[in-house]
Amino acid sequence: FTSLLGAISQIMIDAGVASGYTKWSEKRIKNKKSAQLSSILLSLICSIDDAFLCLTVGNVMRPIMDKNKVSRARFAYILDMMASPMVILMPISSWAAAIVACMNTAGISGMKIFLKSIPLNFYAIFAIFLAILSSIRGKNFGIMKKFEENAENNNDISADSKTLSEKNQKTKSDGKIFELILPILVLILGAIFILFDSGGFFSGESKNFSEIMGNANSSLALNFGSLFSILISLIIFVPKKLKFAKFMDSICEGIKSMTFINVMLVLAWSMTAICKNCLSTGDYIKSVISSCSLPETLVPFVSFVISMFLSFSIGSSWATFGILIPIIANVVSFMDPLIIALSMGAILSGSISGVNCSPVASMGLLTSTGSGCKHLDHISSQVPYVILASVIAAVGFILAPVIKNILVLYLK
């Protein structure tokens with residue numbers, strides 16, 4: 001799925017479809033607030049893959065942001081908060097495919113647990129909320145406030161003059177907004193249809209949504225959804241926007257662009273197998289937790305903290321949840337279903353939180369490139385917002401199990 005998604009992203013970039021959104025938004029954007037909210041809206045449309053989102057939204061909205069005196073640091077922050085935090089909440093995305101695969105490998109029902117963990121991914125939810133709220137209210141703090149004041153008063157947006165995306169990328173300018181939305185819509189609807197079909201909805205084998213998700217073949221659904229999207233892209237882009245040869249080249253380039261991610265996934269799965277079958281890492285950690293009498297209610301919080309520091313250190317969300325999901329899944333397998341879902345949500349939250357303030361994270365570098373912001377400016381100005389969202393998320397992971405236990409006692 002990740003390879004096919006890379007192909008879809010590259011086709012849409014080469015076809016210049018994002019320019020349609022530029023034309024639509026230029027007529028309606030009149031100030032800094034509407035420019036930022038327009039970027040958030042476009043990010044939502046492009047939230048099938050973080051790299052696709054950063055490059056597409058970055059190239060489309062950068063001139064509009066500059067025109068409305070939004071600093072590059074602020075633009076990079078919006079891109080980063082709309083990239084991994086947004087994409088990780090989407091059931092039809094490259095991240096969802098990787099997470100579900102890791103969960104399945106760990107011996108738990110991947111899609112079912114992932115869907116349950118979405119509303120429990122506290123960091124991602126609060127990070128997105130904070131970005132939207134600060135865009136609406138126009139309030140900034142820390143280093144970000146200085147960047148915004150310079151942009152507003154001195155016309156200094158602090159752009160990175162070495163940004164390749166501004167100098168070397170050539171995009172077509174005759175795109176239409178439906179050409180951007182239609183392939184993504186077909187991908188989502190096609191994947192949902194196959195998901196329900198493989199889950200036994202149409203045959204009557206599954207009686208409720210939980211059973212459907214438990215029986216569904218998510219990999220099959222995502223792959224077929226991607227193929228449907230490529231087919232509709234072929235129909236609408238060839239030969240009007242792309243020659244057939246160029247269309248096939250785009251597919252090859254898109255697949256090649258996902259090589260690093262695919263290799264990382266294979267290595268994560270290999271490490272999972274080694275930890276589980278050779279080292280018995282999960283059993284060891286389970287025994288450590290049992291010996292130190294760690295309360296069950298604190299497992300999600302501890303999972304969040306470990307995940308956050310690991311992702312900050314190695315600079316990769318995918319490697320972090322690839323390592324931790326199998327280990328923590330083994331630890332919580334005997335616990336309450338809420339603790340299992342909370343722990344998975346905590347791992348995913350921490351894997352994003354740490355990366356969002358890590359200077360060595362590839363996602364941060366991609367965001368800086370897409371926005372045209374100096375990388376250190378982006379990271380330093382974003383850290384206070386990440387810390388605030390992380391603290392709120394940590395409190396959420398501490399309180400959620402406790403509140404649940406209180407409710408159970410009260411209802412008894």
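The structure is a predicted model. The protein chain contains 22 helices and zero strands. Of its 412 residues, 53% are buried. Among contacts with a separation of 6 or more, 80% join residues 24 or more positions apart.

**Packing of helices**

- Two packed helices are described by the angle between their axes and by the distance between the axes.
- Helix α8 (residues 110-117) packs against helix α20 (residues 337-356) at an angle of about 75 degrees, and their axes are 8 Å apart.
- An angle of 65 to 115 degrees counts as roughly perpendicular, and α8 and α20 are therefore roughly perpendicular to each other.
- On the α8 side, the residues in contact are I113, F114, K116 and S117. On the α20 side, they are I340, A341, M344, G345 and L348.
- Sorted by class, the contact of α8 with α20 has six nonpolar, two polar and one charged residues.
- Helix α5 (residues 72-82) packs against helix α10 (residues 143-154) at an angle of about 125 degrees, with the axes 8 Å apart.
- This angle makes α5 oblique to α10.
- A73, R74 and Y77 of α5 make the contact with M144, F147 and E148 of α10.
- Sorted by class, the contact of α5 with α10 has four nonpolar, no polar and two charged residues.

**Residues of helix α18**

- S303 belongs to helix α18 (residues 299-314).
- The relative accessible area of S303 is 3%, so S303 is buried, since buried means under 20%.
- The side chain of S303 reaches the backbone oxygen of V299 at 2.8 Å.
- When residues up to four places away in sequence are not counted, S303 touches I328, S343, A346 and I347.
- M308 is also found in helix α18.
- M308 and S351 are 43 residues apart along the chain, yet their C-alpha atoms are separated by 5.4 Å.
- Leaving aside neighbours within four places in sequence, M308 is in contact with G350, S353, G354 and S390.
- S311 lies in helix α18, and its relative accessibility of 0% means that S311 counts as buried.
- A polar atom of the S311 side chain lies 3.0 Å from the backbone oxygen of M308. The side chain of S311 also reaches the backbone oxygen of S351, at 3.5 Å.
- The C-alpha atoms of S311 and S353 are separated by 7.9 Å, although these residues are 42 positions apart along the chain.
- Beyond its neighbours within four places in sequence, S311 is in contact with S316, T320, G350, S351, G354 and V355.

**A serine of helix α19**

- S317 is located in helix α19 (residues 317-332).
- S317 counts as buried because its relative accessibility is 6%.
- A polar atom of the S317 side chain lies 2.7 Å from the backbone oxygen of S351.
- Apart from neighbours within four places in sequence, S317 is in contact with W95, S351, I352 and V355.

**Aromatic rings**

- A pair of aromatic rings is described by the distance of the centres and the angle of the planes.
- The count comes to eight aromatic pairs.
- In the pair of F122 and F397, the ring centres are 4.8 Å apart and the planes stand at 45 degrees, so the pair is tilted.
- This pair links distant parts of the chain: F122 is in helix α9 (residues 122-137) and F397 is in helix α22 (residues 375-411), 275 residues apart.
- F122 and F397 are both buried.
- Y77, F141 and Y385 form one aromatic cluster. Y77 also takes part in the contact of α5 with α10.

**A loop residue with a positive phi**

- K69 is found in the loop between α4 (50-67) and α5.
- K69 is not a glycine, yet its phi is positive, at about 60 degrees.
- With a relative accessible area of 30%, K69 is partly exposed.

Methods. Residues numbered from 1 in each chain as written. Predicted model: local features only at pLDDT ≥ 70, side-chain atom pairs only at ≥ 80, totals over all residues. Heavy atoms only, no water. Axes fitted to C-alpha atoms, helices over the stretch in contact; angles between N-to-C directions. Helix = DSSP H or I, 4+ residues; strand = E, 2+ residues; numbered from the N terminus. Parallel < 35°, antiparallel > 145°, perpendicular 65-115°, else oblique. Contact = heavy atoms within 4.5 Å. Nonpolar A, V, L, I, M, F, W, Y, C, P; charged D, E, K, R; others polar. Buried < 20%, exposed > 50% of the residue type's maximum accessible area, 1.4 Å probe, protein only. Polar contact = N/O pair within 3.5 Å; in protein donor to acceptor, adjacent residues only side chain to side chain. Phe/Tyr/Trp six-rings, centres within 6.5 Å; stacked < 30°, edge-to-face > 60°.
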